[in-house]
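Work through the two exercises below with the structure open. Try each task before reading its solution.

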Amino acid sequence: MGTSHFKILRLLLVVTLMKICLAQNDMTLSVFTVTSRSMTVQWTPVSGAMFYGLKATPKNSPQGHVFIQYGQNTIIGSITSLTPDTQYTVQVEAMDDQMTVIASAETDALTAPDIPTIGQSYSKTSESITVEFPEVPGATGYIIRAETKTGTFFSETLVSSSPGTIQGLQPYTEYEISIMSVNAGGRSQPSYPVDRRTVIVAPSLNTSSPNSTSIVCTWEPVDHAVAYAFVIIGETPMYRIDVNTSQTILELDNLSPGNNHTIKVQAVDDEGRLGDAQTFSQITRPASPEILSVQVDSIGRSGTAVFWLAVPGAANYSVTTSNNQTCHPIFYSFCYIEPVFCGQNETVIVIAYNDAGASEPSKSAQFLTYPCPPNNTVIEEHGPGNCSVVWDEVEMVQYYMAYVKWNDRQEKICNTTGTTCMFECPCGYTFLSFVIPHNKVGGSPTIKLYNYTTVPCCPETPNITLVSSETVEIEWKEGRGAELYQVTAKETSDTIHCNDTQPLCALSDLECDTTYSIMVTPCNELSGCNKTCPAQTQVTAPCAPEVNDITQVNSSTYRVHFSTPNRAGTTYTFTARDSGNTLTYKCESSNGTCDLTNLPCGTIFKVTGVAKSTSGERSLLGYEKTLETGPCCPDSFAVTQETQAMTNVSWSSAVGARSFVTSLTSQRGAAKCHTMENHCLMGCITCSTNYTVSMEAISSTGHTSQCSYKGFSSSPCCPTHVKLYTILDNNTLSLRVSWRPQSAPVYRHSVELTGNGVALKCDANPGKKSCDVVGATCGAAYTVLVAPVLHNGTKASFCQTRKYPASLVPCPGSGQVVVGVGQG
């Protein structure tokens, strides 16, 4: 009995013991394990029992019973040495210590069949083992057990007869195989085990047909396989091929094309046992088809029919031309390729297909299609009334038929091998032309029509009139065939100035002083425009001059500098008008400058110019330029010296002047003042100096006028270091005044001495530096003034007086001289 069975018995025993209640004198009996030669029985304990007797008696057999005795603490017992497949009455008796039966119980039980024996065992698949055995009398079934020697795997399978197979095993694995017989009573003991290994798995093939006569099989290596056995069966025609190999690739050659092949493969282990068998199906590629004929539709020109011989095993076909047109018939050995392309010298091939792939292409068949209509068909005008139809040469053409029809139903037909057809084409007519090329298949079914309308005729000589300085008007008579007219001037980059159906146009916004070549071009919708019409010339009015600058020549003359944008011989007149149009001044020139003379000062003028051509055409007025004459100079001007270093300058008002800059300049320095008044004080004047007097009158806009006046001489310089001497000579008292002259020695000096109620004076001639005053009294205070005297007798009035107090005018002794320095 296996280890697992004892585990089950122990579990049942524990469960039973847990269910036993308090011992009763009523016994119960149960049989829970039966084999072919033994039974295991369980009973309930009986109070007072000292012994239990267990007996098994065959019911339908002359054999004697089997008896065994147990102690008072036993409630489970086994009876052995029984007969297989026999019905027994099983009895348990409880006995006291006197061996008296105090309780009993009985039941019926059937022993299991006899233990079977394994005849032979083998593995046909990688997951099963088959067992063959002789049948056991009384057995209703058999249990095949498989387990690994390590106990990691255990499996039982119930079978009804021999042979029996156990499934669910692992490939190429060693198992211990035993078998038990089974009936209603239970199962027998396992048979003597045998060791058996499952076979290896079959390889998984990848099959393909690289060409129509070969098949290639590849597979991953199978564990424990040393070789592989193949059986290949071809269906139509039928043949068999057996192949053994130790490689993982098998190439089969010389097979029939398009034939389906059944491939059976088994792996072989090192014992030579064949493993699982697996079957695959692979068809060889079809053979290359043979093209019978290629026929181009010569009537409808709609398609090309290709016919070929069908090949065995082909599921479908692909027909391809050299210009990549295709068709794919399935059930027929012909197809219709649409559309037919013109001008084709093509080839066609047919390829057969099945599940294995494509066959080799058939031999190519050549075919020719009808010619294409020519490209670039044009009608060219080579001159008035002279035209030709010209087209590009077309391949595979034998000749061309060219047709030309025009308005009055006339027709010209050219049958030519060239690419040109000449015909007459007067202006104003519409022509219809087409060309049909021909070859041995026929003429091109496609016709391309070309309409051509000759250009309209030029109108008669247009009449051109200069309407304004920059606008001309053109008028003409209508030309035959013209639907509208375009008027252009070459000098305006052929810009279309008029695009109208009326025979009248005005060209405006033209350039001044320009000769225009004006062309009237008739047009119609179909042919376009006639560019051959002669042009007419017209010169526009001169351009208005532009004042570039105006410069002042002198106080009343201004020079106008202007542009000369016109051709030689053009004269320019410029006019200056004041704001009230009361004053007008003109000048005329042709060289870029002209002078406006006698213009009054302090006046604003507007200067404009106009040009006049040699033919008398006048330009527009040029842009105005403002001319502002310089402000007028003051009529009167006076300079008055206020002090030795300061003067007062005054002047009268001046027209157009808002401010004044007055300047006194000399070699010893200069003085300047800028004022809006009519006078100003000017310092930094040097005495005894000749000054140049000038004035700059400035207008409100910054225009200036230079004004010159009579020069100005400053007063002589006052002397310095004035000293007072008290002199007593021969008892005669006199006061001597001395100084240091600061002016040129051309002026005499006047000395005035005031004090003690008297006014004394003396004069010193030019070059003298002292003067004695007689009649003065010593010991008295005096004020002394020494001033230079101008040639006109005017004495400088701004020299400083000096005061000498009495203490500085003492009475000296005889022959003494006392010097006092006065205080200013």
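**Exercise 1.** Is Ser 123 buried or exposed? Then list its surroundings.

*Solution.* The model is predicted: local features need pLDDT of at least 70, side-chain atom pairs count only at pLDDT 80 or more, and totals for chains, interfaces and linings use all residues. Residues are numbered from 1 along each chain as its sequence is written, and side-chain values use heavy atoms, leaving out hydrogens and water.

Step 1. Ser 123 has a relative accessible area of 11%. It is therefore buried (under 20%; exposed is over 50%, partly exposed in between; 1.4 Å probe, protein chains only).

Step 2. Strands are DSSP runs of E, at least two residues, numbered from the N terminus.

Step 3. Look for contacts (heavy atoms within 4.5 Å). Skipping residues up to four places away in sequence, Ser 123 touches Ser 128, Ile 129, Arg 197, Thr 198, Val 199 and Arg 273.

Step 4. Check the side chain of Ser 123. One of its polar atoms lies 2.7 Å from the backbone oxygen of Thr 125. The side chain of Ser 123 also reaches the backbone oxygen of Ser 128, at 2.9 Å.

**Exercise 2.** In what order do the strands of the open sheet with S1, S2 and S5 lie?

*Solution.* Step 1. The order is S1-S2-S5, with antiparallel pairing (strands pair if DSSP finds at least two bridges between them).

Step 1. Find the edges. S1 (29-34) and S5 (76-79) each have a single partner strand, so one side of each lacks a neighbour in the sheet.

Step 2. Inspect one pair. Five bridges join S1 to S2 (residues 39-43). Val 31 stands opposite Val 41 in S2.

Conventions
A polar contact is a pair of N or O atoms within 3.5 Å; within protein, one must be able to donate a hydrogen and the other to accept it, and residues adjacent in sequence count only if both atoms are side-chain atoms. Helices (H or I, at least four residues) and strands (E, at least two) are DSSP runs, numbered from the N terminus.
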